[in-house]
Amino acid sequence: MELRLVESVLNNKCNGCFCKLLDLHSNLFYKICNRYITALSYVGVSKEELFENKKFIFFDSILTFDKNRGIKFSTWLANKTRFFCLNLLNS
């Protein structure tokens, strides 16, 4: 099901499908971000500032997702979220 939503966002620019993906996986996004909140606060990144990037991270995950790699979209999103947080820590 999520693969069809991703393809619909890519091919048809379907805003409804994008919102459905946000609804399905927002908890995963927040769970990953909460692992890095303490460390990010030490470098000056607030929780609100991090959470404001949710749509950007989701959209980037959709654009770079490759179904031929044998990975689920939720795993890809979790990895993109994790690396976004790590890049904020390193910058």
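User: What does contact mean here, and which residues is Ser61 in contact with beyond its neighbours within four places in sequence?

Analyst: Contact means heavy atoms within 4.5 Å. In this predicted model, Ser61 is in contact with Phe73, Trp76, Leu77 and Lys80, leaving aside neighbours within four places in sequence. Ser61 itself sits in helix α4, residues 54–64.

User: Why is Ser61 called buried?

Analyst: Buried means under 20% relative accessible area. Ser61 has 0%, so it counts as buried.

User: What makes the side chain of Ser61 and the backbone oxygen of Ile57 a polar contact?

Analyst: The cut-off for such a pair of N or O atoms is 3.5 Å. A polar atom of the Ser61 side chain lies 2.8 Å from the backbone oxygen of Ile57. That distance is within the cut-off.

User: How many residues does the largest nonpolar core have, and which have the most contacts inside it?

Analyst: This core has 25 residues. Leu21, Leu50, Ile62 and Phe73 have the most contacts inside it. Helices α1 (2–12), α2 (15–42), α4 and α5 (73–90) each supply at least two of its residues. The largest share, 10 residues, comes from α2. In general, nonpolar side chains tend to be buried together in soluble globular proteins.

User: Which residues does Leu50 touch, leaving aside its neighbours within four places in sequence?

Analyst: Leu50 is in contact with Phe29, Cys33, Ile37, Leu40, Val45, Phe84, Cys85 and Leu88.

User: Why is Thr81 called buried, and where does it lie?

Analyst: Thr81 lies in helix α5. Its relative accessible area is 0%, under the 20% limit, so Thr81 is buried. Beyond its neighbours within four places in sequence, Thr81 is in contact with Phe29, Ile32, Cys33 and Ile57. Thr81 and Phe29 are 52 residues apart in sequence, and their C-alpha atoms are 6.6 Å apart in space.

User: What about Cys85: buried or exposed?

Analyst: Cys85 is also in helix α5. Its relative accessible area is 0%, so it is buried. Cys33, Tyr36, Leu40 and Leu50 are its contacts, leaving aside neighbours within four places in sequence. From Cys85 to Tyr36 the sequence gap is 49 residues, while the C-alpha distance is 6.7 Å.

User: What makes the pair of Phe65 and Phe73 edge-to-face?

Analyst: A whole-structure search finds 7 aromatic pairs. For Phe65 and Phe73, the ring centres are 5.6 Å apart and the planes stand at 85°. Phe65 has 12% relative accessible area and is buried. Phe73, at 1%, counts as buried too.

User: Which residues form one aromatic cluster?

Analyst: Phe29, Tyr30, Phe51 and Phe58 form it.

Definitions and conventions:
Residues are numbered from 1 along each chain as its sequence is written. This is a predicted model: local features need pLDDT of at least 70, side-chain atom pairs count only at pLDDT 80 or more; totals for chains, interfaces and linings use all residues. Side-chain values use heavy atoms; hydrogens and water are left out. Helices (H or I, at least four residues) and strands (E, at least two) are DSSP runs, numbered from the N terminus. Buried means under 20% relative accessible area, exposed over 50%, partly exposed in between (1.4 Å probe, protein chains only). A polar contact is a pair of N or O atoms within 3.5 Å; within protein, one must be able to donate a hydrogen and the other to accept it, and residues adjacent in sequence count only if both atoms are side-chain atoms. A nonpolar core is a set of buried Ala, Val, Leu, Ile, Met, Phe, Trp, Tyr and Cys residues joined through side-chain atoms within 4.5 Å. Rings of Phe, Tyr and Trp (its six-membered ring) pair if their centres lie within 6.5 Å; planes under 30 degrees apart count as stacked, over 60 as edge-to-face and the rest as tilted.
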